[in-house]
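Trainee: Please take one part of this protein and walk me through it closely. I would like to look at the salt bridges.

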Amino acid sequence: GPEPYTHLGEEECVYVLQGSLTLTWDGADYELGAGDAMLIDPKVGHRFANNTDEPAIVLWIISPANQDI
């Protein structure tokens with residue numbers, strides 16, 4: 001979405017399998033492409049966007065798993 005959000009968890013990892021993704025975390029933008037990964041604290045404001053016309057396939061891992069997600 002357009003606004004950063006937070007949620008429970010100790011770690012959140014995003015791994016881009018195909019395409020590209022813009023990760024905004026703690027006010028900074030990171031451009032991730034296929035093969036890139038980033039580990040973040042999900043309690044800090046973040047958002048994700050695919051700013052291209054190409055599909056993005058992304059694996060998200062949140063640890064520990066919580067019922068609120």
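**A closer look at the salt bridges**

Mentor: The protein chain exposes about 4,400 Å², and carbon and sulfur atoms supply 53% of that area. Keep in mind that this is a predicted model. Start with the setting. The protein chain has 6 strands and 0 helices. Its pattern along the sequence is β-β-β-β-β-β. Of its 69 residues, 25% count as buried.

Now the salt bridges. The count comes to 2. Take Glu10 and Lys43 to begin with. Their closest N and O atoms are 3.7 Å apart, and the pair forms a salt bridge. Glu10 sits in the segment before strand E1 (11–18), while Lys43 sits in the loop between strand E4 (37–40) and strand E5 (46–49), so the bridge ties together parts that are 33 residues apart in sequence.

Next, stay on Lys43. Its side chain also meets that of Asp41 in a salt bridge, at 3.3 Å from N to O.

Lys43 has 43%, so Lys43 counts as partly exposed. Asp41 has 26%, so Asp41 is partly exposed too.

Finally, step back to the whole chain. Consider contacts between residues at least 6 apart in sequence: 66% of them join residues at least 24 apart.

Key
Residues numbered from 1 in each chain as written. Predicted model: local features only at pLDDT ≥ 70, side-chain atom pairs only at ≥ 80, totals over all residues. Heavy atoms only, no water. Helix = DSSP H or I, 4+ residues; strand = E, 2+ residues; numbered from the N terminus. Buried < 20%, exposed > 50% of the residue type's maximum accessible area, 1.4 Å probe, protein only. Contact = heavy atoms within 4.5 Å. Areas by Shrake-Rupley, 256 points an atom, 1.4 Å probe, with all protein chains shown as cover. Salt bridge = Lys/Arg side-chain N within 4 Å of Asp/Glu carboxyl O.
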